[in-house]
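Please look through the model below with these notes beside you.

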Amino acid sequence: MEVVDDLDFPRRQPTKSDQLTVAQVLALGPLQQVGVIEARVLQATANRVVQVRGAPVELKVFEICDATGLTVWDRLILSVQEGRSYRFTTLTTRKEGDRTVLTTTPSTLVRTAAEVGQPATLRPAHTSSEEVVRRPVAGVKIVAKPRCPRCHVGQDNLAPKCSTHRCERCAILQRTNGYIISYSGVVIVVGRDGVERSLSLTNSAVYGYVRDHFLASCAHDGAALKESVMALSEAEVTVSGEGLVVRFGGSIQAEPLATAPVGESTQPEASDSRASEAESDTEGLDELFRAV
Ligand SMILES: [Zn+2]
């Protein structure tokens with residue numbers, strides 16, 4: 001059998017199930033696998049979105065006890081909160097200058113853990129200051145880019161209505177709802193000075209919005225998602241120092257959302273297919289949120 005192109009992201013079981021301490025990790029070289037480690041996530045120091053194999057992928061860097069960094073990728077970002085302790089399975093190490101830092105992999109699992117002690121002194125880290133903007137939304141664009149769960153290549157021609165899709169890179173036929181969705185986009189708000197601001201949405205901000213507004217059934221329906229954002233009387237947008245939207249929410253107008261967005265949703269004859277569609281979409285989301 002042909003080996004698929006996943007050399008950068010090998011899927012493998014932890015070869016070393018022994019739990020390591022951070023001190024042991026710091027002694028490791030780069031590209032070493034760390035089977036299990038428990039750590040307290042202290043503070044976020046950076047947010048970025050990078051292009052990986054044709055799709056935008058978000059990363060967030062945290063300081064963890066003691067004095068090392070942890071880069072959390074993609075959907076796992078929603079699983080991690082500052083000030084809490086977690087048990088991470090299957091991380092890898094890399095070098096950042098002269099210090100060893102940790103990074104998640106596609107196989108990483110995150111579980112909450114009993115409190116891990118906090119060091120008496122924190123390594124001075126540059127934390128980007130966040131700005132909270134509360135303004136009406138003037139416009140929104142949300143792009144849902146599917147990625148293959150096996151080779152992680154972004155897909156250009158996936159039809160959400162089809163139950164299966166053949167990966168455009170590794171050619172493996174898979175269930176459509178098994179593909180991983182990465183959101184990107186912009187939200188435009190008008191400042192108090194009347195000047196429009198165009199703010200870049202991150203994947204975690206959009207997923208957090210979907211989760212908090214109980215929109216799981218239309219998460220893959222970009223049009224319904226955008227209509228829901230436009231129906232907000234006021235958006236609350238948290239912007240990182242890097243200019244990325246890291247949290248997105250808002251208050252909904254008195255008018256019920258269900259009547260606002262999609263005309264076809266009121267057609268009774270479509271109710272059966274809609275019900276099954278909504279169910280499969282929700283399952284997909286559960287999968288994405290399983291570590292939350
Ligand atoms: Zn693939």
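This is a predicted model: local features need pLDDT of at least 70, side-chain atom pairs count only at pLDDT 80 or more; totals for chains, interfaces and linings use all residues.

1. Which residues have the most contacts inside the largest nonpolar core? They are F62, V187, V206, V237, V245 and F248, in a core of 48 residues. A nonpolar core is a set of buried Ala, Val, Leu, Ile, Met, Phe, Trp, Tyr and Cys residues joined through C-beta atoms within 7 Å.

2. Residues are numbered from 1 along each chain as its sequence is written. The chain has a mean pLDDT (the predictor's confidence in each residue, from 0 to 100) of 77, and 73% of its residues reach 70 or more.

3. Helix α2 (residues 203-212) is largely enclosed by the rest of the structure, because seven of its 10 residues are buried. Buried means that 20 or more other C-beta atoms lie within 10 Å of the residue's own, exposed means 12 or fewer, and partly exposed is in between, with C-beta atoms placed from the backbone. Among the buried residues of α2 are A205, V206 and Y209, and F248 touches these three, as well as V187 and V237, when residues up to four places away in sequence are not counted.

4. T176, in the loop between β10 (173-175) and β11 (180-190), is partly exposed, with 18 other C-beta atoms within 10 Å. The C-alpha atoms of T176 and S163 are separated by 5.4 Å, although the two residues are 13 apart along the chain.

Note on methods
Helices (H or I, at least four residues) and strands (E, at least two) are DSSP runs, numbered from the N terminus. Two residues are in contact if their C-beta atoms, placed from the backbone, lie within 7 Å.
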